[in-house]
Amino acid sequence: MALSLPTASLAQEDTPDEPLAVTIDDILVDGTRYNSVTITSDSPLRLSLSEAAAATGPTCQNARSLNATPHFGRNGALTPREYAMAQTAWSYFVERYQPETGLVNAVGSYPSTTMWDTASYISALVAAHELCVIDKREFDERATKLLQTLRNLDLFRGEAPNKVYQTQTGAKVNYANEPGEVGVSALDLGRMLVWLKILKERNPYLANSVDSVPMRWNFCNIIPENDGRMFGSLVREEGATRYVQEGRLGYEEYAAKGFALWGFDTQRAQAPQPLEYVNIYGVDVPYDGRDPRIFKNQNYVLTEGYILDGLEMGWDLPRDRENDGLVASNGWRAEFANRIYLVQQRRFEQTGIVTARSEHQVEGSPYFVYDSIFADGYAWNTLAPGGDYSPDRSAVAAKAAIGLWALWETEYTDLLFESVADLSLPDRGFYEGLYENGNGFIPLQTANNNGVILAALLYKVQGPILQATNNNTQVWDTSFSGTDIRENKCHPNNMVVEVPCCACANPTTIPPVIPIEEFKYCRPVITAEGVAATDCAPEEHNLPAPTAQPVLPQSCPIPEANP
């Protein structure tokens, strides 16, 4: 029997003629709440109250939480304050929910959303359920309604979800929320695929409904065969569709993992090349080497792509099913994430400016900014989507601050936490952030901000949110197998396994993404999958690079014939 005694009112009766009794008010017994319970006994009663119970939030009888394994950053149950934060973040999705479609507004009361923001809603929904902010009945009702809407979306030119939808009707709209279509975002779909995968891994009974969503999409133009990159689309003035490569270092690799989780080949998109570094406050910060003047696409260095990868996937490779929270099998991503964190701490140490940078909404023009660590040749460059310099809109982004706090347990992230932990309305959710220049907070609430905050709180309790636990046969793998339907939509054929050559004449070795001697903040670990990372911390470890142990092969390759 589990007893919960929140500020219990105790009354003990000890008259000689009656059995001893104790009454406990407002008690939870095996999940059922009672106004009071009276326990009687003919012998003396002794009650012990644990001091530790007051340090944690309400008991959440969740198997995944109770069996959580150690992971990078903060570990443990939510405190009452943190649990109240989870409730506050969830309140946004209560206030801005559209019951007709199951969608949630991306920004405040404006009835519009994207696939990225809808994925953030799934993030919030999963976290709220796992943290016992909502019960299973509400989770199921919301999840099934949302999946029904996603399954029946009117797709952009019959291919994939449009970039924007009206949340009250589920209709395709343009950026002015007027009927129309504007194209497909591969980055948004990558994030959606991450969370659809999480949803069915954690809830196998929803897997059929989840699989029915991407089964309708045509991926031929999004992930071209034998290319390994992601392509989005836009509509030209004359109405023609133009396909363009999407993504830069940080976001590109994160979104590419989303596609790879479903069996797509996105190796080129997952690689960081072309890769450059800029030294800021003694930290070699990685950035995308493609010149914005040539490729007409900015190479913003932002926090969000790295913290999403850490919170959701533990900086692991898409094929990793080990669920080890202390080893990042995608080692260079963990290494780079530590640099992204450390350079922001260094800026605070050198200038006194509290720093947690990401893209975010702002009130009034330009409405949205990329609050970068590095962009367009300059450090700490805040740019509007059109490229205008907007330094007065730089802010401590709430989602970045709480994400960094969850992934790194340091005095600096404690400061970040205090900067934004109470920046909210209890029935509306968290504000976007706090302006660096002292102009107060950004008076806007968004789905993405509150969804990431909920994910960060869940990460603290359970570790990386994508936990590979569903080993059932998947509709995604078997549907239309052996027909040309899969081929016509360019769906991966996961029922076919390519057998590698074990005796090739000229075996090749794949070099690591970054040399192992360049791992400064994580200890590299050589595995069969490449270079993983562990013991990550925001200070240089000064460890010698590991060397591979030579062993004899089990079989010798067939030599090439002499000419």
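**Questions about this structure**

Me: Does Cys-220 count as buried, exposed or partly exposed?

Reply: The model is predicted, so local features need pLDDT of at least 70 and side-chain atom pairs count only at pLDDT 80 or more, while totals for chains, interfaces and linings use all residues. Residues are numbered from 1 along each chain as its sequence is written, and side-chain values use heavy atoms, with hydrogens and water left out. Buried means under 20% relative accessible area, exposed over 50% and partly exposed in between, with a 1.4 Å probe and protein chains only. At a relative accessibility of 23%, Cys-220 is therefore partly exposed.

Me: Which residue does a disulfide join to Cys-220?

Reply: A disulfide is a pair of cysteine sulfur atoms within 2.5 Å, and a search of the whole structure finds two of them. In one of these, the S to S distance is 2.1 Å, and the partner of Cys-220 is Cys-490.

Me: How many residues apart are Cys-220 and Cys-490, and where do they lie?

Reply: The torsion about the S-S bond of Cys-220 and Cys-490 is about 100 degrees, so this disulfide is right-handed. Helices (H or I, at least four residues) and strands (E, at least two) are DSSP runs, numbered from the N terminus. Cys-220 sits in the loop between α6 (207-215) and β9 (231-235), whereas Cys-490 sits in the loop between α16 (484-489) and β23 (523-527). The pair thus links distant parts of the chain, and the separation between them is 270 residues.

Me: Which parts of the chain are tied together by the pair Cys-522 and Cys-536, and how many residues apart are they in sequence?

Reply: A disulfide joins Cys-522 to Cys-536 with an S to S distance of 2.1 Å, and it is right-handed because the torsion about its S-S bond is about 115 degrees. Since Cys-522 lies in the loop between α16 and β23 and Cys-536 in the segment after β24 (530-534), the pair ties together parts whose separation in sequence is 14 residues.

Me: Is Cys-536 buried or exposed?

Reply: Its disulfide partner is Cys-522, which counts as buried at 0% relative accessibility. Cys-536 has a relative accessible area of 17%, so it counts as buried.

Me: How many of the residues of helix α12 are buried?

Reply: In the protein chain, which has 16 helices and 24 strands, 52% of the 563 residues count as buried. Helix α12 covers residues 398-407 and is mostly covered, with Lys-399, Trp-405 and Leu-407 among its buried residues. The count for α12 is 10 of 10.

Me: Which residue follows α10?

Reply: Helix α10 (residues 304-313) is mostly covered, with 10 of its 10 residues buried, including Glu-304, Tyr-306, Asp-309 and Met-313. The residue that comes after α10 has a positive phi, near 65 degrees, and is Gly-314.

Me: In the hairpin of β11 and β12, which residue takes a positive phi?

Reply: Two strands pair if DSSP finds at least two bridges between them, and strand β11 (residues 275-280) pairs with β12 in the antiparallel sense over six bridges. Within this pairing, Asp-284 of β12 is the bridge partner of Asn-279. Because five of the six residues of β12 (residues 283-288) are buried, that strand is largely enclosed by the rest of the structure. The hairpin has two residues between its strands, and the residue with a positive phi, near 55 degrees, is Tyr-281.

Me: Which strands are the edge strands of the open sheet of three strands?

Reply: The order of this sheet is β13-β24-β23, with antiparallel pairing. Between β23 and β24 there are five bridges, and Pro-524 stands opposite Ala-533 in β24. Helix α11 (residues 331-351) packs on the sheet, where it touches β13 and β24. The edge strands, each of which pairs on one side only, are β13 and β23.

Me: What distance separates the C-alpha atoms of Leu-326 and Pro-464?

Reply: Leu-326 lies in the loop between α10 and β13 (327-328) and is partly exposed, with a relative accessible area of 37%. Contact means heavy atoms within 4.5 Å, and, when residues up to four places away in sequence are not counted, Leu-326 touches Pro-70, His-71, Phe-72, Ala-533, Thr-534 and Asp-535. Pro-464 is 138 residues from Leu-326 along the chain, and the C-alpha separation of the two is 9.9 Å.

Definitions and conventions. Axes are lines fitted to C-alpha atoms, for helices over the stretch in contact, and angles run from 0 to 180 degrees between N-to-C directions.
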